[in-house]
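Please read the following points beside the sequence and the coordinates. They begin with the ligand shell and then turn to the domains and a helix pair.

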Amino acid sequence: MKIKNEIDENDSAIENTIKHRNFPQVPKVIFGKGSFNQLDEILLPERKHIDAPFIFLVDDVFKNTMLAKNVPLRFNDELIFVSSAEEPKTKQVDELVGLIREKYESLPSGIVGIGGGTLLDLAKAVSLLLTNKGSAADYQGWDLIQKSSIYHVGVPTISGTGAEVSRTTVLLGPDKKLGINSDFTVFDQVILDPDLSIGVPKNQWFYTGMDCYIHCIESLNGTYLNAFSKSYGEMALELCKEVYLEDIDKQESREKLMMASWHGGMSIAYSQVGVAHAMSYGLSYLLGVKHGIGNCLVFQHLEEFYGDSVKLFNKMKEKHQIDLPSGICKELTEDDFNTLCNVALKMEPLWENALGKNWKERITREKLKSIYRKI
Ligand code: NAD
Ligand code: ZN
């Protein structure tokens with residue numbers, strides 16, 4: 001008995017030497033059909049004074065729509081339509097911050113991002129850069145942000161990225177595509193209204209939804225997995241399967257995908273993504289391929305790494321008759337392939353999660369190039 005106690009104590013001593021990460025979460029979230037209509041009352045107590053506006057960054061796909069008309073503008077609030085044709089850039093964030101600083105004497109009461117991952121990330125980044133000096137590019141990395149952001153709200157209108165729940169804002173910078181990862185990046189408030197995603201084109205619904213599916217697969221098959229990530233990842237995966245493989249009611253499908261996105265994002269908070277994301281970052285950096293479709297383009301060729309999950313992806317793709325573009329890398333030069341590999345291989349935590357500590361022994365440039373050549 002004595003020996004057993006000693007062993008237990010030793011085990012707990014070892015456990016105590018591990019430093020666990022301490023993550024913030026979105027403190028306030030409202031879910032439900034029509035919940036967007038409560039935005040006005042939610043913002044009211046956050047208004048600092050009459051000259052401190054709310055700035056709404058809204059995807060320009062909503063120009064002249066009911067959603068845009070229902071944005072609760074008061075006093076000198078401003079609605080800025082932003083295109084999501086390209087992924088958000090550090091330069092774009094700097095310009096928006098410059099514009100706001102020039103126009104208003106004091107800090108705004110807050111920033112509200114309405115749209116997909118592109119607009120959510122822009123809103124996060126602008127709220128951070130209004131209180132932190134310099135360019136957004138200075139903060140791409142982990143925990144470089146020094147000061148708390150201003151109040152910021154995320155209103156997703158398409159589901160899958162998990163950007164509504166994550167502690168990063170992914171930006172294309174002058175020399176890299178990398179997130180501003182920080183505790184201050186997390187939204188103060190999120191509005192989850194499934195009806196806002198009515199009208200998402202089918203292909204985009206698939207690409208962004210598959211971002212969530214791939215988050216789950218990469219998290220659940222990663223070496224960083226723990227019980228926290230697993231519980232969220234399994235829930236998100238189950239929801240994705242219902243949405244993309246079963247014939248469920250449209251309203252229910254929108255609600256389930258919205259919650260899948262949330263859980264998928266929570267799952268990678270404590271683990272990481274993997275091979276598809278690392279390689280998709282290369283495509284996005286060199287060719288401007290957007291995140292969701294880029295992940296799909298890579299993932300379809302990753303059977304060696306993700307086996308049956310790739311088969312399931314292909315089944316979902318066929319069920320919804322999605323044709324992925326091909327020949328994307330056909331015209332690329334050897335230099336281009338090297339750039340793709342450089343960007344992908346820089347994502348070290350993603351490879352370590354996917355393949356373990358000895359990942360460098362398991363993945364070669366030639367292997368990566370052979371996959372890119374198929375795309
Ligand atoms: P998106 O924001 O780029 O939008 C995709 C398309 O869908 C756009 O054409 C947009 O106008 C359209 N759209 C959005 N809502 C619509 C609606 N309700 N009706 C009609 N059209 C609508 O797409 P996304 O896939 O959500 O986001 C991709 C971005 O998210 C990338 O920049 C990626 O880097 C980023 N991302 C961020 C995180 C994070 O944790 N911060 C995670 C994953 C991806
Ligand atoms: Zn992703």
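1. The residues of the shell around ligand 1 comprise 9 nonpolar, 13 polar and 7 charged ones, where Ala, Val, Leu, Ile, Met, Phe, Trp, Tyr, Cys and Pro count as nonpolar, Asp, Glu, Lys and Arg as charged, and the others, Gly among them, as polar. This is a predicted model, in which local features need pLDDT of at least 70 and side-chain atom pairs count only at pLDDT 80 or more, while totals for chains, interfaces and linings use all residues. Residues are numbered from 1 along each chain as its sequence is written, chains are lettered from A and ligands numbered from 1 in the order in which they are written, and side-chain values use heavy atoms, with hydrogens and water left out.

2. Ligand 1 is surrounded by 29 residues, a residue being counted if one of its heavy atoms lies within 4 Å of the ligand. The closest are Gly117, Thr118, Ser166, Thr208 and Lys290.

3. An oxygen atom of ligand 1 lies 2.6 Å from an N or O atom in the side chain of serine 166, and for the side chain of threonine 208 the corresponding distance is 2.8 Å.

4. Helix H5 (117-129) and helix H6 (202-220) are the elements that give two or more residues to the shell, and H5 supplies the largest share, 4 residues; helices here are DSSP runs of H or I with at least four residues, numbered from the N terminus.

5. Why does ligand 1 lie between domain 1 (28-197) and domain 2 (202-372)? Both domains give residues to its shell, so the ligand lies between them; the domain bounds come from an automatic or database domain assignment. The centres of the two domains, taken over C-alpha atoms, are separated by 25 Å, and their contact (heavy atoms within 4.5 Å) takes 29 residues from domain 1 and 24 residues from domain 2.

6. Helix H7 (residues 227-245) packs with helix H11 (residues 303-319) at an angle of about 30 degrees, their axes being 9 Å apart; axes are lines fitted to C-alpha atoms over the stretch in contact, and angles run from 0 to 180 degrees between N-to-C directions. Lys241, Tyr244 and Leu245 of H7 meet Leu312, Lys315, Met316 and Lys319 of H11, a contact with 4 nonpolar, no polar and 3 charged residues.

Notes:
A polar contact is a pair of N or O atoms within 3.5 Å; within protein, one must be able to donate a hydrogen and the other to accept it, and residues adjacent in sequence count only if both atoms are side-chain atoms.
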